[in-house]
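Here are my notes on the model you sent. Please read them with the structure open.

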Amino acid sequence: MIPDPSTPTSRPLKHNENYAIRSAGAVSHSGDESGNENRRKSARGKKRPRMCSENTTQARGKASPGSPGRAGGGGGRRGRVQAVSLFEVVTMGRDTMQTVIGDWIETYAMDRDSALLDLISFFIQCSGCKGVVTAEMCQSNRVQDCGDILSKMVEKVDEESGLQYKKFMAFPWILTVTWPMDMDCAEYPLIQPGPYGRWFHSEFGDFVSVLVSQCQHCVVFDGYLMNALVSLLTELSDSCVRAFRHTCTLAAVKILSALVAVALSLSTVMENSQKLHCVERRKTSGRQGSPRLDRMKKKIAELQEKRLEIESIMDTIFKGVFLKRYRDVLPEIRSMCTEELCLWMKLYSTAFLTDSYLKYIGWMMHDKIPEVRLKCVLGLQGLYGDPLLLTKLDLFTSRFKDRLISMTLDRDNEVALQAMKLLILISKSCEEVLEEGDYQQLYRFVFSSQRPLAALAGELLYSRLLNAPAPGSEGQEGAGEGEARGQDVHTERTLVRLRALLTFYMQSELHKHVVYLVDGLWDCAGDLLKDWPTLTHVLLQEATPQCTGLTEAEQAVVVEVLVASVRQAAEGPSLVGRSGGKKISNAKERKTQSDDCAKLTQQFLTALPKLLSKFAGRWDAIASLMKIPQFFVPEGLTAENTQAASEELIREMGAVVDHPSAPPAVLEAVSRAYLRLCGEDTAWHPAARPARDALVQRWKDRLISQLGVGLKEDTFCADIDQTGEMLSTLRKLRAFYNCHDLSQWDLFELLSPLLSVGCLQGGVPSEVILEVLQCLFNAVLWNLHTSGRTLSSRDKAVAQRQQLSSFCETSYRCLSHADTAVKEQAFLGVCDVLAAHSYQLNVWDPASCGPLLYTPGPRLQRALQAFLLEQVLVGPDSDAHSRVCLASEGERQDDHQKRRTLLAAYCKLLVHGALEMSNASVVFTHYTKYYNDFGDIIKETLYRTRQTDKIGSARTLLLCLQEDTLGSTHSFH
């Protein structure tokens, strides 16, 4: 019996003896191993001196030859190394591995049986096994005579003792491994959590590689060690115990990888020997014979025989381990097999890069685990990246091309990304493999929601469509006449690339947002997209006989591309609905962004007025162009150029916004542009602020005149034309009131009578009421927002509360209006104003003169509840939503989102305490019924109200239960 691998043994093994190896594993020990517990229980343990072992400090020549698990005796060329087990060597780094494995090889040369048992114990320990390994010699030295023994190889469970047994042959040994039944649930070293598991995986692979590398000149070819190892690993890799199967499969494939390196080394030596043989044969061509030539032939024959032997061992491992484990139930094993197979095909292509091996990669690309599919794609990238291997991949490419293209739609983002990289690599190395239809499918990923994938698709799109030289550009550039001619050539090239981009976008018909296309192309086509002078020149260029110019549809797309590139340069790649981009930019990127902002400001401060004049009356283009001033920066501008250009720009903006038929989108864009230009920190403030004030004053005077004509004796009597003019003026004021504080023009007092007439007596069109409601809402919000500066006395606080009360009273009357849009706007206005007032009270300093509390009356609270029950908490069969049920899917989604917005506005009042807690019962009672539609909103409201007032929240829930019980009783009767 060998009680422990670290116990010194000096006598050789007999063929008729049995040996039991207690496997320490990577866990604590018991019984007779307690003396070695502190030395061997940690896989991270350092080398510790053993005072009890005399052989530890002796020279190599005095060391016991039969000491398995010991790093030699020290001394000699390696110095003195403490005695450690092979399992502990894994934790000590590659240098120690080489030293200890060298000593193990010397031990193997003197007593190969005990050394082999020590190595067997090592693999059992690495599997985390706490059990016992019993070894007995096979009575026959020939494997052919062991058929009856092989038929008795078993793996069974003894439930009474709680042990499992596995008996198998590792020729010439018959091994029986006994371990506890619960071992399969243990965390063996390879799956340890944290970095330890990954570290052990790497170190274990290094140990196996070093072992084969140092044995390649002697022990590998003795016909004993490799046969035993292959038998051991083949049997244990087929075990039902996950720890054995995982660990020994890893060891087997790592041995095969190391044997590949040995075969490559033999091939290199054999090629050199053949070259020397050819040279020597030419030298001795006229002689009868040469001893040197004979020696070379003999050496080449020996090398060929060794390589064939190595390939035979590799084939045995492949058939005995890989073919059984590449479909293993454990994804880590499948991933490991796939990764190593790709490595074999890349390193030893003459033996492994054939269709009979490539088919396994093709099959594993359909694996249900993303990690396995990812290993396949990464391995194929290494194969397609080597030009010398491309000819051997033709059949595989044609067979699995469709699968590779479909993997760009993989649910795992990393798999889809690496598949796109692989296809780009294939397109560069094998141009005829992908057809035009395949490219069109890949181009569309430029609109992907994942930015890395979109950037790769943009790179492919740019390299194939946008980077092609203009026809005849080489000759033109050589015959250029000065700088002007060079600019013409550059403009022509840009126009060709731009037309290709426009053709792709307009033919794809997949996406209507150019910003995603620009973002996908930004990394590779930044020179084209940021060439704002040329893009502006193309838009301003008139059609001539020599140049047809762009159509209106193409001009509209170019305007969107121009605006999207400006936004991208100023804000970076941050788009709604697109993830995977960089969260934090570095100093270089911030510097580039700052320079780009200065360039676009300098360019469009003078070019934007020309563009606005060119596209006058084309409101979609103007709405897009008016977004550009929002990204202006005042840095780097000269005073004289700034003043003249800004005045012209403001003049064009005034003409646009004052147009009678300007749509709301244009008004909103111009309002935001004025907000940027009117900033006190900008150079355009002196010109922009007076221009804006003049516009607002002009609209107010116009509105006063229109109200004088259309509103007489509390009756609305305006005709259709007068109503249209009034509505146009109200839209302009509302658009500017959203961004600018217009309190100094007293629009609240001016518009309140019109709303009162519309709610009490009727006759006012719903469109006018909606605009007036939004203007009054903005007036109240600005008053609350600026109260920190304006509330200097109690009289002003009282006036503010009266204004708030007047708005709520007017909105209450609008809640009973016949038009649903008016009711929804009144509901949202009341909820937002009351939430803002509650926030104002919470942040105000009690020591100073502050706002006065306003509480909505019971009548308004009941009206809000009634609106919620009629318009939000309703089923699909109700009259209020019968029209929506018959509408398209997009309209149903919009209606659902609108209802969520209305419910969230009401829940904010409950959370901020603007309404009494009892009002929450109308929401909580519908939690179960509308869980799919509003469950997240109601659940968050429950959580927030419980934090604010636990007692009030509990009472509200009791009230809900009472109402539910009464409702159930009423239904029963």
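1. Start with the side chain of Ser239. One of its polar atoms lies 3.0 Å from the backbone nitrogen of Val241. Keep in mind that this is a predicted model. Is Ser239 buried or exposed? Its relative accessibility is 2%, so Ser239 counts as buried.

2. Next, the cysteines. Cys240 has 53% relative accessibility, so it counts as exposed, the cut-off being over 50%. Cys960 comes out at 7% and therefore counts as buried, since buried means under 20%. How many disulfides does the model have? The count is 0. A disulfide is a covalent bond that joins the sulfur atoms of two cysteines. The rule used here asks for two cysteine sulfur atoms within 2.5 Å.

3. Helix α27 covers residues 664–677. Does its length agree or disagree with expectation? With 14 residues at 1.5 Å a residue, α27 should span 20 Å. The end C-alpha atoms are 20 Å apart, so the two values agree. Val666, Leu667, Glu668, Ala669 and Val670 are among the buried residues of α27. Ser671, Ala673, Tyr674 and Leu677 are buried as well. Note that Glu668 is on that list.

4. Now a helix pair. Helix α23 spans residues 552–571, and helix α24 spans residues 587–614. Their axes come within 9 Å and cross at roughly 150°. Angles over 145 degrees count as roughly antiparallel, so α23 and α24 are roughly antiparallel to each other. What is the handedness of the crossing? α23 passes α24 in a left-handed crossing.

5. Check the backbone at Asp746. Its phi is positive, about 50°, although Asp746 is not a glycine. Most residues other than glycine have a negative phi. Where does Asp746 sit? It is in the loop between α29 (720–739) and α30 (747–760). At 45% relative accessibility, Asp746 counts as partly exposed.

6. Gly708 belongs to helix α28 (residues 685–710). Its relative accessible area is 45%, so Gly708 is partly exposed. Phe716 is in strand β7 (residues 715–716). With a relative accessible area of 12%, Phe716 is buried. Which distance separates Phe716 from Leu754? Their C-alpha atoms are 8.1 Å apart, and the two residues are 38 residues apart along the chain.

7. Two loop residues remain. Tyr930 lies between α38 (921–924) and α39 (931–948). It has 6% relative accessibility, so Tyr930 counts as buried. Its C-alpha atom is 7.8 Å from that of Leu873, 57 residues away along the chain. Ile369 is in the loop between α12 (355–364) and α13 (370–384). At 24% relative accessibility, Ile369 counts as partly exposed. From Ile369 to Asp412, C-alpha to C-alpha, the separation is 9.4 Å, and the pair is 43 residues apart along the chain.

Methods. Residues numbered from 1 in each chain as written. Predicted model: local features only at pLDDT ≥ 70, side-chain atom pairs only at ≥ 80, totals over all residues. Heavy atoms only, no water. Buried < 20%, exposed > 50% of the residue type's maximum accessible area, 1.4 Å probe, protein only. Polar contact = N/O pair within 3.5 Å; in protein donor to acceptor, adjacent residues only side chain to side chain. Helix = DSSP H or I, 4+ residues; strand = E, 2+ residues; numbered from the N terminus. Expected span 1.5 Å × (residues − 1). Axes fitted to C-alpha atoms, helices over the stretch in contact; angles between N-to-C directions. Parallel < 35°, antiparallel > 145°, perpendicular 65-115°, else oblique. Left-handed = near helix turned anticlockwise from the far one by under 90°.
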